[in-house]
Amino acid sequence: STLAEADFTVDSVYEILRSRAGIAPTRADCTLEATSAGVSIAPLLDLDPSSPVLVARQTAFDRTAAEIAHAARAEWFAVAGLTVGSERSLPALAETI
């Protein structure tokens with residue numbers, strides 16, 4: 001079977017890359033940024049643009065230092081209202097941030 005036929009809701013991206021393509025991550029770079037949702041992220045998370053969010057970006061590399069995966073996600077927290085957050089990991093979000 002091909003990568004296009006993989007069920008990523010069941011198996012991890014890295015396991016599928018390892019078993020079907022022989023590609024294994026050896027390191028990853030991750031950055032975290034506290035920022036406001038802004039006009040590009042806010043609609044994707046159903047937030048006001050001034051809402052605080054924590055944005056995480058991760059890039060995984062194989063043994064040759066080739067980029068094999070990129071992921072981005074944003075989380076929001078409303079401390080005063082004691083809401084502990086909502087996480088969304090969406091293709092549209094990854095393209096936005």
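User: In which loop is the place of serine 51?
Analyst: Residues are numbered from 1 along each chain as its sequence is written, and side-chain values use heavy atoms, with hydrogens and water left out. Helices (H or I, at least four residues) and strands (E, at least two) are DSSP runs, numbered from the N terminus. In these terms, serine 51 is located in the loop between α2 and β2.

User: Is serine 51 buried or exposed?
Analyst: Buried means under 20% relative accessible area, exposed over 50%, and partly exposed in between (1.4 Å probe, protein chains only). The relative accessibility of serine 51 is 16%, so this residue counts as buried.

User: Which residues does serine 51 touch, not counting residues up to four places away in sequence?
Analyst: A contact requires heavy atoms within 4.5 Å. With residues up to four places away in sequence set aside, serine 51 touches Thr35, Ser36 and Ala37.

User: Which residues of α2 are exposed on the other side from its buried residues?
Analyst: The buried residues of α2 are Ile41, Ala42 and Leu45. Seen down the axis of α2, they fall within an arc of 105° (taken from the directions from the helix axis to the C-beta atoms), so they line one face of the helix. The exposed residues on the other side of α2 are Val39 and Pro43.

User: What separation is found between the C-alpha atoms of leucine 44 and alanine 74?
Analyst: Leucine 44 belongs to helix α2, which covers residues 38-45. This leucine 44 counts as partly exposed because its relative accessibility is 25%. Leucine 44 and alanine 74 are 30 residues apart along the chain, and their C-alpha atoms are separated by 9.8 Å.

User: Which residue joins its side chain to that of threonine 59 in a polar contact of 3.0 Å?
Analyst: Threonine 59 is part of strand β2, residues 52-61, and it counts as buried because its relative accessibility is 13%. A polar contact is a pair of N or O atoms within 3.5 Å; within protein, one must be able to donate a hydrogen and the other to accept it, and residues adjacent in sequence count only if both atoms are side-chain atoms. At 3.0 Å, the side-chain partner of threonine 59 is histidine 70.

User: With which residue does aspartate 29 form a salt bridge?
Analyst: Aspartate 29 lies in strand β1, residues 27-36, and is partly exposed because its relative accessible area is 39%. A salt bridge is a side-chain nitrogen of Lys or Arg within 4 Å of a carboxyl oxygen of Asp or Glu. The closest N and O atoms are 2.8 Å apart in the salt bridge of aspartate 29 with arginine 27.

User: How many residues apart are arginine 57 and glutamate 33?
Analyst: Arginine 57 and glutamate 33 form a salt bridge, with 3.2 Å between the closest N and O atoms. The pair links distant parts of the chain, arginine 57 being in strand β2 and glutamate 33 in strand β1, at a spacing in residues of 24.

User: Why are arginine 18 and glutamate 15 separated by about one helical turn?
Analyst: The side chains of arginine 18 and glutamate 15 meet in a salt bridge of 3.4 Å, N to O. An α-helix has 3.6 residues a turn, so residues three or four places apart point the same way. The separation is about one helical turn because, in helix α1 (residues 13-21), arginine 18 and glutamate 15 have a spacing in residues of 3.

User: How many salt bridges does the structure hold?
Analyst: Arginine 18 with glutamate 15 is one of the salt bridges, and arginine 57 with glutamate 33 is another. The number of salt bridges in the structure is 3.

User: In what order do the elements of the chain run from the N terminus on?
Analyst: The chain has 3 helices and 4 strands. From the N terminus on, their order is α-β-α-β-β-β-α.

User: How many contacts does the stretch of residues 80-85 have in the model, beyond near neighbours in sequence?
Analyst: The mean pLDDT of the chain is 79, and 77% of its residues reach 70 or more. Over residues 80-85, however, the pLDDT is below 50. Where pLDDT is low, the predicted coordinates should not be read in detail. Beyond near neighbours in sequence, the contacts of residues 80-85 in the model number 7.

Key:
This is a predicted model: local features need pLDDT of at least 70, side-chain atom pairs count only at pLDDT 80 or more; totals for chains, interfaces and linings use all residues. pLDDT is the predictor's confidence in each residue, from 0 to 100.
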